[in-house]
Amino acid sequence: MKYFFSHEGYPAMKRLAADDKVLVGLDFDGTLAPIVQDPPRAQMSVPIAHELERLCAVTPVAIISGRELGDLEQRITVRAAYLIGNHGNEGLAAVTVDGGACRKICAEWTKQLRRMPESRADDVFIEPKRYMVSVHYRLANDHLATQQKLSRLFGRLKPAPRVVHGKCVFDLIPPGAVCKDDTMSLLATQTQADVVLYVGDDECDELVFASAQPDWITVRVGYWSHSAAKYYLRCQREVSDLLLLLNLRLGLAASNSP
Ligand SMILES: O=P(O)(O)OC[C@H]1O[C@H](O[C@H]2O[C@H](CO)[C@@H](O)[C@H](O)[C@H]2O)[C@H](O)[C@@H](O)[C@@H]1O
């Protein structure tokens, strides 16, 4: 993994030029918004919101989140080409998932989990969504022990979920539902982009990094030695610098100057 804002990141920056069609994929929590203890309080900083608005005006931007679409819409007030919830299961016409079946499975998992005494702890929060169930444990004192306890519970769920581990959260994905890797690859084909850039920070985003085409520019927020991303940013605050750079490269700054 190379630091994006270094001479090693320069070839990637150079590819982000105004005469190419650049598709920008962005994750929300941990990327556009800093991680906070209380999920409803997550929001973009003013510089990030400002740069994102400018970027959306010049190039197709896809914001892909594990959040529900309605939740995401309240946090993203700019007009992005694609606003996608539940990792891709909401907001993208090309994804044809059986919503009714997913909802039934998620409701069933929620019921099963709520019946298990181990998941009723105050420090575990079950967030049922339409296309998946998220189980949060940020408030737990012992993260490792809680992770292990929850993983054992998930092994008892019927039907068996696909489990994706985020930041102090497990996403339980029903059979047949898509994840961010499927979503990004679909978008790259659909938009016929010359250059694809994807920025994210957790395990769902690692699925995109790992399945990316060799020429995609993949950027992880926060260094992790096992990451499949080519580049990293040191911290979430650097996302605004990346967006600013994109806006400069894509020519918006020039066209806005008096
Ligand atoms: O795909 P993302 O946009 O990264 O969404 C993934 C999950 O993000 C949210 O949870 C995470 O952020 C919270 C606020 O910072 C934090 O408290 C939590 O511990 C993180 O896991 C969101 O609440 C989930 O619904 C998303 O699935």
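Tutor: Happy to! One term before we start: two strands pair if DSSP finds at least two bridges between them. Keep in mind too that this is a predicted model.

Student: Thanks. So which strands pair up in the open sheet of four, and in what order?

Tutor: The order is 5-6-8-7, and the pairing is antiparallel. Strand 5 (125–128) and strand 7 stand at the edges with a single partner strand each, so one side of each has no neighbour in the sheet. On average, neighbouring strands of this sheet are turned by 20° against each other, ignoring direction.

Student: Let's look at strand 8. How many of its residues are buried?

Tutor: Five of the five are buried, so strand 8 is largely enclosed by the rest of the structure. V169, D171 and I173 point one way from the strand, while F170 and L172 point the other way.

Student: And what holds strand 8 to strand 6, in terms of bridges?

Tutor: Strand 6 (residues 133–136) and strand 8 (residues 169–173) run antiparallel and are joined by four bridges. In these strands, V135 stands opposite F170, and S134 has D171 as its bridge partner.

Student: What about strand 7 and strand 8, how many bridges there?

Tutor: Four bridges again join strand 7 to strand 8, and they run antiparallel. V164 stands opposite D171 in strand 8. Strand 7 and strand 8 make a hairpin with three residues between them. In that turn, C168 has a positive phi of about 60°.

Student: I clicked on V163 in strand 7. What is it in contact with?

Tutor: Setting aside neighbours within four places in sequence, V163 is in contact with F154, F170 and L172. V163 is partly exposed, because 16 other C-beta atoms lie within 10 Å, and a residue counts as buried from 20 or more. S151 is 12 residues away along the chain, and the C-alpha atoms of V163 and S151 are separated by 8.7 Å.

Student: Switching topic: what is the order of the seven-stranded sheet?

Tutor: That open sheet runs 1-11-10-9-2-3-4, with parallel pairing. Strand 1 (2–3) and strand 4 (82–84) are its edge strands, each pairing on one side only. Inside the sheet, three bridges join strand 2 (residues 22–26) to strand 3 (residues 61–64), and G25 has A62 as its bridge partner in strand 3.

Student: And which strands does helix 8 lie across?

Tutor: Helix 8 (residues 238–249) lies across strand 2, strand 9 (195–200), strand 10 (217–221) and strand 11 (231–233). Its angle to strand 11 is about 120°.

Student: Okay, zooming out. How is the chain divided into domains?

Tutor: Domain 1 covers 2–95 + 178–256, and domain 2 covers 99–173. Their centres, taken over C-alpha atoms, are 27 Å apart. Where they meet, 12 residues of domain 1 are in contact with 13 residues of domain 2. On the domain 1 side, the touching residues are three nonpolar, five polar and four charged.

Student: What about the largest nonpolar core, how many residues does it have?

Tutor: It has 63 residues, and those touching the most other members include V24, V199 and V239. Helix 4 (residues 99–115) gives the largest share, five residues. The core draws at least three residues from each of domain 1 and domain 2.

Methods
Residues numbered from 1 in each chain as written. Predicted model: local features only at pLDDT ≥ 70, side-chain atom pairs only at ≥ 80, totals over all residues. Domains from an automatic or database assignment. Contact = placed C-beta atoms within 7 Å. Nonpolar A, V, L, I, M, F, W, Y, C, P; charged D, E, K, R; others polar. Core = buried A, V, L, I, M, F, W, Y, C linked by C-beta atoms within 7 Å. Buried ≥ 20, exposed ≤ 12 C-beta atoms within 10 Å, placed from the backbone. Helix = DSSP H or I, 4+ residues; strand = E, 2+ residues; numbered from the N terminus. Axes fitted to C-alpha atoms, helices over the stretch in contact; angles between N-to-C directions.
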